[in-house]
Structures are given as structure tokens and as C-alpha cells.
Amino acid sequence: MSTSVSAPAPTAVGGDAPLTLTEPSGRPLGLRDALGLWGNLGISLLLPVAAAFVILPGSPFGATLLAIVVGAAIGSVLLGLGAAAGAREGAPAMVLMRGLLGRRISYLPTVFNLVQCVGWATFEIVVIAEAASRVLNAPAWPFLLGAGGLATLMALRPLRTVHVLARYAVWLALAGVVYLFVRVLMQPLPEFTAAGAISFWTAVDVVIALPVSWFPLAADYTRHVRNGRSAFTGAALGYGTATVAFFMLGTLALAAYGRGGFDVIDALLAIPLGAAAILILVLVEVDEAFANVYSTAVSAQNISPRLDRRLLALVVGALATTLAFTIDIVGYEPFLFLIGAVFVPLVGVFVVAYYLVPRQRWDVSEQAPARPWLLLPWAAGFVAYQLTLPTHFADTFAGWTQWWTARQADLGISPTNGLSASLVSLTVAALLTVVVCLPQILRGRGRRPSREVVQR
């Protein structure tokens, strides 16, 4: 696969994304498309639900708002850097890992990403069905089938879906969000007293996790954006703005309506016409499921480049829908967070290696050489994450949490240390990457030429 493109390449399926990894990626998407896509992906019911974990009880609302803004800024900039790399190289996210680790070692993050994407697609289908059934007071199973089927159909025509999201869905979602904000702000807002984050930085950590969770998927879409600047701006600004808005909406709704024991969805339903606004957001939520289905297919192509993404999307969509019917997604959730903890330090390694280490090119070809030494900072960052905040398992896998908690005690680390596990993990991984790559940095082997591929 070429590492640069001098002009827009033809795409398959009537101008949509290529069917296999061996075909060139066209670049029909501009800044408006990128902003619309990432703004829609940031409009998710998961964010206001997660808002309960960023509230700083006993503190003014300004402290919680600051934690939201800081976390969104950090996470969205990191997401934007991954998105820009995808546009510059014209390669999907897991193929970019070839340049970092080598072709064969890139299979390791690819496998993690396959599990993560299928899991989150399943989770999104369940969230959509549960929210819709609660609003309409109806059984969940028709919505499980509908959400899974619609997400799969969208994944068959991904670029057409991005255009629709950018031109229509984002405005529909914005109308619902603005209405909910206006209604919530009309209510008296008491002090936050419910349990939430144990410190400012643990609140920041929750917010960072949302945009960073999209880093292993970002380039799957931005490889079709005309230049790195548009890809960065679209991802960072689009997702960052939506993150701030939806975390704020969740915290305000809990403060205004949560005094009677409502969860955040019930709090929003307490708003006059809130059910209609929630139904709009439920419909828009399908784009998260679509993105995970499509990215599972594209990630699999890193291992088998000639597989047709449409066939892969159909298999993945059917699998995620079946899992939504059969597994306890709440019990599976800790595994998704554990895999997220795997990718947080990988972000730090990638950003340093891609943007700071001098080189001639970023090799995403079939011949990309192995770079096993970069596994060290990745692994160290994961260990740092678990020592700061072990992934919490109950019942069968509780031994994982207990083992890491014991290691915290051995090292004198308080379980309630109040640190951001994401920032600790990122810092450790990034600094160790600098150390590992120091000889190359000092030699300064040429500057990487600009590979912006915009057609002017």
C-alpha cells in the first residue's frame, strides 16, 4: 500500500469506500463532513449517563464544568492527532499500526480492536433498545433488531452515511439537545450532593476516556478526508464540543431532576416533551453502532486485506445483534473498559513516534519492518494505568482487581489516590517512547516531508 496519494483515487460502490484494503482510498470528505461525523459521534446517550461519575459532590458546579472542559480538550486533541495521521497516510487505523509496530506485530492491537469494536457495537445496540423501550413503554426486542439492522446497512455505505450525518442528522440532534438544555436551565440547580468523582482528576479521567476510545477507529474515516488539517479540526472540534455539551447536559439534568432518585434518562424524560427529544437522540445514537460495525470490518482487513468489507460488515452486524440478545452487557462492560485501558498508552506511543521521531516515511506497506522495542512503553503504560486505577471486576474475574490492588499496597499507592489513570498511563508511555527512540531522535535522520494530499 502506498504511503501517499497525489490525487483523489477512485472508490468502489458508486463513489463509496473501497471494498478491500488493496484498493486506493478516495478522499471525497471535507471539513464540513468531518465536523458533522465527529459531532454526531459525540452526540451519545452514553455521555450524559457517564456524567454521574464526573460530578464533584460538595463543590460548586464550576469545578465539575472545568473537569469536563479539561478532559474534553485533552481527549479530543489526542483524537484529532490520530485523525490527522489517517488523512495524511490515507490508511485506516490498524494499518497505521504497521508503521508503529510492523505489519505482523500490528495484528496484536488489531485483535484487541476487533474485540473492542464488536463489544461496543453490542453495547450501543442495547443502549438504543433500552432507551427506546423506556420512552415508548414497549418491549426492547424490536428495537434490538432495528438498531442492529440499521447500523449494518449504514456500514455497507459508510461514506454515504457520513454525508447524511453531516448534512441532516447533526441538525436534528442539535435541535433536540438545544431544547433539553433550555428546559434543564429553567430549573433551579441545587448543590451537587450525590456520590460522584473522588477528585478533580478522576473526573477528568472519565471525560478523557470517551474521545480517546475513538482513537483506534478515527483513521478508518479520516483516510477519506482531503487533508490532515480538516481531519484534525473535524475530530477535535466536533467531538470535543459534543463531549462538553453532553456531559454538561447530564450533570445539569441530574442536579435539576435527580433529587427523586431518577437516573439520567429518567431525569431527561421528566422534562416536558423530553420523550420526543430523547427519541431523536436514540435515532442519532445508531451512528455509534454503525461506526463500530464498520471499523470492525476495516480492522479485520489489516489481517486479510482482500476480504470484502461488505461481507465483513454483514457478519459483524449479525454477531453484534445476536450478542445484544444473548449476553449480559453490563457484566461484559468491565472487559470493554479493560481493553480501553490497553489502548490509552498505545495512543501515547503512537503520538510520540509519529509526530516527534524524525524519519523518511511512515511505512504502512506489507513489508513494514517489526519494531518490537515499542511494545515496552506500551506495556509499561498499561501497568501504570492498572496501578493507578485497576479495572473493576466482580464475581468470576474479581481476582484481576484484587491482584492489582495488592500491587498498589506493595508500592504504597493509595486506592483512592485521586489521579487520572489515563494521564498517568499516557505520560509513562510517551516518556518511555522518547527514551526508546532517543538514538533516532538524536541522529535526526531527515525530516519527514509533507504528505498532505489535498487536491487543490
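Is Arg183 buried, partly exposed or exposed, and at what relative accessibility? At 21% relative accessibility, Arg183 counts as partly exposed; the term covers values between buried, under 20% relative accessible area, and exposed, over 50%, with a 1.4 Å probe and protein chains only.

This is a predicted model, in which local features need pLDDT of at least 70, side-chain atom pairs count only at pLDDT 80 or more, and totals for chains, interfaces and linings use all residues. Residues are numbered from 1 along each chain as its sequence is written, and side-chain values use heavy atoms, with hydrogens and water left out.

Arg183 belongs to helix α8. Helices here are DSSP runs of H or I with at least four residues, strands are runs of E with at least two, and numbering starts at the N terminus. Between Arg183 and Ala256 there are 73 residues in sequence, while their C-alpha atoms are 9.9 Å apart in space.

Another helix is α7, which covers residues 141-156. Its 16 residues reach 23 Å from the first C-alpha to the last, close to the 22 Å expected at 1.5 Å a residue; the expected span is 1.5 Å times one less than the number of residues. The buried residues of α7 are Leu144, Ala147, Gly148, Ala151, Thr152, Met154, Ala155 and Leu156. An α-helix has 3.6 residues a turn, so residues three or four places apart point the same way.

Next come the aromatic rings. The structure holds 19 aromatic pairs. Rings of Phe, Tyr and Trp (its six-membered ring) pair if their centres lie within 6.5 Å; planes under 30 degrees apart count as stacked, over 60 as edge-to-face and the rest as tilted. Two of the pairs are set out below.

| Pair | Centre to centre | Angle between planes | Type |
|---|---|---|---|
| Tyr354 and Tyr355 | 4.8 Å | 75 degrees | edge-to-face |
| Phe393 and Phe397 | 6.1 Å | 55 degrees | tilted |

Tyr354 is buried at 1% relative accessibility, whereas Tyr355 is partly exposed at 26%. In the other pair, Phe393 is buried at 6% and Phe397 is partly exposed at 44%. Ring pairs also link Trp38, Trp214, Tyr221, Tyr239, Phe290 and Tyr294 into a cluster. The charged end of Arg407 sits over the ring of Trp403, 4.7 Å from the ring centre; this requires NZ of Lys or CZ of Arg within 6 Å of the ring centre and within 35 degrees of the ring normal.

There are zero disulfides in the structure, a disulfide being a pair of cysteine sulfur atoms within 2.5 Å. Cys117 is buried at 0% relative accessibility, and Cys437 is buried at 2%.

On a 1 Å grid over the protein atoms alone, a cavity is a set of points where a 1.4 Å probe fits but cannot get out, and a pocket is an open set with protein on both sides within 12 Å along at least five of seven lines; lining residues have an atom within 4 Å of a point. Grid points are joined across faces, edges and corners, and a volume is the space filled by probe spheres set on the points.

The second largest pocket holds about 340 Å³ of space. It is lined by 16 residues, of which Gly39, Ile43, Val170, Leu174 and Gly238 are the closest to its centre. Helix α11 supplies the largest share of this lining, six residues.

The count is one cavity of 30 Å³ or more. The largest cavity has a volume of about 80 Å³, and its lining includes Gly82, Phe215 and Phe343. Helix α5 gives the most to that lining, with four residues.
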